[in-house]
Amino acid sequence: MRITVVGTGYVGLVAGTCFAETGNDVIGLDVDAAKVERLTRGEMPIFEPGLVDLFSRNLREGRLRFTTNYDDAVKHAQILFLCLPTPPTEDGSADTRYVLAATREIAKRMDGYRLIVSKSTVPIGTNKEITAEVKKHYSGEFGVAANPEFLKEGTAVEDFLKPDRVVLGVTDKRSWELLSAIYEPFVRTGAPILRMDPASAELTKYAANGFLATKISFMNEIARLCEKAGADVDLVRTGMSKDARIGSAFLFPGIGYGGSCFPKDTRALVQSARKFNLDMKIVDSAEQVNESQKHILLPKLLSHFGGSIAGKTIAIWGLAFKPRTDDIREAPALALIEKILAQKAKVRAFDPEAMANVKKLLGGADAMVLATEWNEFRMPDWDRIKGLLRTPVVFDGRNIYRPDFLREQSFTYYGIGKP
Ligand SMILES: NC(=O)c1ccc[n+]([C@@H]2O[C@H](COP(=O)([O-])OP(=O)(O)OC[C@H]3O[C@@H](n4cnc5c(N)ncnc54)[C@H](O)[C@@H]3O)[C@@H](O)[C@H]2O)c1
């Protein structure tokens, strides 16, 4: 099929590449001319495991190309996937401006049937707004559908190629047939393609992210209680997770969730509900707990150094909002760094995707803070670290190290929710 992905960010690039991989003829459209130029030259602007290989092959074999030209992109496509940003507005609701602006540009150029699919995370009712926008500029036949994306940065390619489920919010048979045919190759192992109305599809995405964010904040509150009560949150977590109704995923406490989705989607869900005079207390609280969780290590740092870290140098391991990505949008590490700097301490930060030299980072630091649990941080050379730090103290913001082991090595250890 001939497909255009509108917006070549994390979602558009992965979706476009994976659609090309299954034999479709794909154009990636973006307003960012520099990005389109880089992509056309074969350069990958983001770090996403496994993406470069697929991208290079499909580019070489001519199933994938990039443009800034709406004329070409609309002429080419039977289906257009909107993979555009939906950032928060001042009150936290999702800004659909980019989605509607792109829709307008598409509609103005339509000369026959096209299916416009919103892959962006959009509030309930946006598909109706997209339909209304198309009708302002075009009077022929067309389809609009909601197909929220569930990929996770860091495993985005794998998630796209082997989704747990595909959600299709459609209002007519033609849209359903086109979209389910496109997704058929990705669900051969039996994952369901769920057909629903667009409003339910739009809400499914927010409900899923709101629930996951709540799970994390719930465990972070349990971790706070553990600290006060002298319990170990990792033991509590393991004990809970053996209940099949609870499961083991997303129960890990830490210094809070970040990224371009959870913070913005939880706020947008709360705002969406307000429009229907509904106060979503649980998700609202999950977001509030998360905001304070991002700074949870600061009091520990202050108390370790006798009330002040002024003039100290703090080494931060991990800047990305989670491992296996270069994305630092709303990363908890950045919020913590801001607080540390406000205390007049210095920060040396390292991230596997940003820098290469650990020595530069640790040499002369007073303490090490683990902020993002990259795999390469799991088994470091502790002898070397001890030699590099002025005082051997580790603040483990993701509970990845064994406190007893580090204490045996004469480190002072601070975790989250641990005695
Ligand atoms: N990043 C994720 O992990 C993820 C996962 C699921 C869903 N989503 C949702 O998908 C959407 C896109 O997210 P993203 O992370 O890919 O965003 P992104 O910021 O990485 O990419 C968006 C791209 O759209 C381009 N763009 C902006 N306006 C345009 C226009 N009018 N025409 C053409 N291109 C335009 C930008 O230049 C940019 O390249 C958001 O709604 C997000 O919530 C993201």
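1. Ground rules. The model is predicted, so local features need pLDDT of at least 70 and side-chain atom pairs count only at pLDDT 80 or more, while totals for chains, interfaces and linings use all residues. Residues are numbered from 1 along each chain as its sequence is written, and side-chain values use heavy atoms, with hydrogens and water left out.

2. The side chain of Asp30 has an N or O atom 2.6 Å from a ligand oxygen. The side chain of Thr86 likewise puts an N or O atom 2.6 Å from an oxygen of the ligand. With Thr121 it is a polar backbone atom, 3.0 Å from a ligand oxygen. On its own the ligand has 840 Å² of accessible area, and the protein covers 89% of that (areas are from the Shrake-Rupley method with a 1.4 Å probe; for residues, only the protein chains shown count as cover).

3. Salt bridges overall. How many salt bridges does a search of the whole structure find? The count is 33, taking a salt bridge as a side-chain nitrogen of Lys or Arg within 4 Å of a carboxyl oxygen of Asp or Glu. Side chains of opposite charge can pair when their charged atoms come close.

4. Glu149 bridges to Lys119, with the closest N and O atoms 2.8 Å apart. This pair links distant parts of the chain, 30 residues apart: Glu149 is in the loop between β6 (143-146) and α7 (156-161), and Lys119 in the loop between β5 and α6. Helices (H or I, at least four residues) and strands (E, at least two) are DSSP runs, numbered from the N terminus. Glu149 counts as buried because its relative accessible area is 10%, and Lys119 is buried at 2%. The cut-offs are under 20% for buried, over 50% for exposed and partly exposed in between (1.4 Å probe, protein chains only).

5. Two more pairs. Asp111 and Arg114 come to 3.1 Å between their closest N and O atoms. Asp234 pairs with Arg237 at 3.2 Å; both sit in helix α10 (residues 233-241), 3 residues apart, or about one turn of the helix. Salt bridges with shared partners also join Arg267, Glu287, Glu291, Lys294 and Glu330 into one network.

6. A nonpolar surface patch. Ile124, Leu203, Phe276 and Leu278 make a patch of about 370 Å². Patch residues have over 30% relative accessible area and no salt bridge; like charges are joined within 9 Å, nonpolar side chains (Val, Leu, Ile, Met, Phe, Trp, Tyr) within 5 Å. Ile124 belongs to the loop between β5 (115-118) and α6 (126-137), and its 32% relative accessibility makes it partly exposed.

7. Met44. Look for Met44 in the loop between α2 (33-40) and α3 (51-60). Met44 is buried, at 15% relative accessibility. Its C-alpha atom is 9.3 Å from that of Leu13, 31 residues away along the chain.

How values were computed:
A polar contact is a pair of N or O atoms within 3.5 Å; within protein, one must be able to donate a hydrogen and the other to accept it, and residues adjacent in sequence count only if both atoms are side-chain atoms.
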